[in-house]
Amino acid sequence: MKFNDLAFVLVSVLSVFLLAGCVTNPITGKQQFSLLQGESGKSQLVTLAKQAVPSQFSADYGESSDAQANAYVNQIGRRLVATLTPADTVFPDMPFNFHVVNAVYVNAYAFPDGTIAITRGMLAELENEAQLAAVLGHEIAHVNCGHTASAMSKSTVYDMLVSGTQSYLASQGSSWADLAGTAGQLGSAVVLASYSRAQEREADEGGMLYMVRAGYDPQGMVDLQRLLVRLSGANPSALQQMFSTHPMSTERLQTAQERARTQYAGKNSGVVNRDAYLAATAAIRKNKEAFKSFAAAETQLAQKQYAAAKASAEQGLRLAPNDYVGLMLVAQAHQKAGNPAAAQQTAALAARLNPSGAQCALQRKDYAGALQHLNAFERQVPGDASTAFYKGLAYEAQGQRPQAAQAYSAFVRKGGTASSQGRYAAQRLQQLQPSPPRR
Ligand SMILES: [Zn+2]
């Protein structure tokens, strides 16, 4: 949103292959430069987003296992999307989809293919459905206006070129050894892009238009902007990431107030669906105070205050026992403080308790979901052998042979071949390795 919406760089890479041109901005009606256009541009965005979304979701501790909240957010998102007309967007019929991610910082973001996520931290701050519609509408407008296409930088272009090459090699089944050390390669494909003030204004304008069309009181957007202004004063650390990419100002609040008074005066007065919102998000909102402690722990981890981070995370866990993010923060604090055994013990507990964790996802045959969890786990608690084993299984099930071989190889290196998992990994590794070149 506001909020460091995500953008891709891929667009810049694709510009090598596609003719750039101008499109009409659906909000302002002005011509704007765009690198991707029409059906081919759209399908490229969808394909590439599919590769990058999992790495961002795993950085946000995966999708929430709260089925009720996920279904609700998706339902409100779809209600907004249903109001869109071809004139609203540069890319008609984007496959919009909406998710709750476990992260506790206050944020929402969009990928250019219409994948939109909101954090538990943000849901805990909102108070009604109209405010949620304002958040999601804002993100939808970023997608519709093609804002992601203009968010690029030289370094990210380089990252994308590198990881694009690796993905290509992988898809061609090239020697998996060449790919050693490229785990997490997709991570570099994603950047947190800064939107310009002008783009933020457009997204607010579009978001407000969609939410009013969908039947909500425009006051929802005013409330949202007021909330953001209040949070920016009260707790800047929780919003650090957001403000680093999205300069916040009271201007956006004033603009929303002005529109509510004029353009949208008297529209859908009082339709904010507070009760529905509170019911669907009850399990998340009750942990609001715990999320604040977890957010503090994240800040302390970043500041290398490991003992303080552990204390903050544990304080949050007293309010929200067994919360996945809280446990993973304790694990990270142990890890960073040079106590890997305690880190892995806590992380293993987190994995067991997290009902949408990697093993459950594997059982559901949701291999992409499993990899999300496993990659998140690995980043937070590096060096866990069984993570490598399960990554091997998930990659192999997805037909990603080089990555599977790499994961099995890591497992055998760490855990040996004495266990049944070790024997299995060694056997699969033999199968997956390309046969030696014939002379
Ligand atoms: Zn935004």
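A polar contact is a pair of N or O atoms within 3.5 Å; within protein, one must be able to donate a hydrogen and the other to accept it. The close-ups below come from a predicted model.

**View 1. Glu 200 and its two histidine contacts**. Glu 200 sits in helix α7, which covers residues 197-213. Its side chain makes a polar contact of 3.2 Å with the side chain of His 138. The side chains of Glu 200 and His 142 are also joined by a polar contact, at 3.1 Å. Glu 200 has a relative accessibility of 2%, so this residue counts as buried.

**View 2. The largest nonpolar core**. This core has 77 residues, and those touching the most other members are Ile 118, Met 122, Leu 126, Leu 132 and Met 211. Helix α5 (residues 129-144) supplies the largest share of the core, 9 residues. A separate second core has 18 residues, among them Leu 374, Phe 389, Ala 404 and Ala 425.

**View 3. The ring pair of Tyr 61 and Tyr 324**. The model has 5 aromatic pairs. In the pair of Tyr 61 and Tyr 324, the ring centres are 6.5 Å apart and the planes stand at 90°, so the pair is edge-to-face. Tyr 61 lies in the loop between α2 (38-59) and α3 (67-81), while Tyr 324 belongs to helix α15 (residues 324-336), so the pair ties together parts 263 residues apart in sequence. Both tyrosines are buried.

**View 4. The ring pair of Tyr 109 and Phe 111**. With ring centres 6.1 Å apart and planes at 80°, Tyr 109 and Phe 111 form an edge-to-face pair. Tyr 109 is buried, at 0% relative accessible area, and Phe 111 is buried, also at 0%.

How values were computed
Residues numbered from 1 in each chain as written. Predicted model: local features only at pLDDT ≥ 70, side-chain atom pairs only at ≥ 80, totals over all residues. Heavy atoms only, no water. Helix = DSSP H or I, 4+ residues; strand = E, 2+ residues; numbered from the N terminus. Buried < 20%, exposed > 50% of the residue type's maximum accessible area, 1.4 Å probe, protein only. Core = buried A, V, L, I, M, F, W, Y, C linked by side-chain atoms within 4.5 Å. Phe/Tyr/Trp six-rings, centres within 6.5 Å; stacked < 30°, edge-to-face > 60°.
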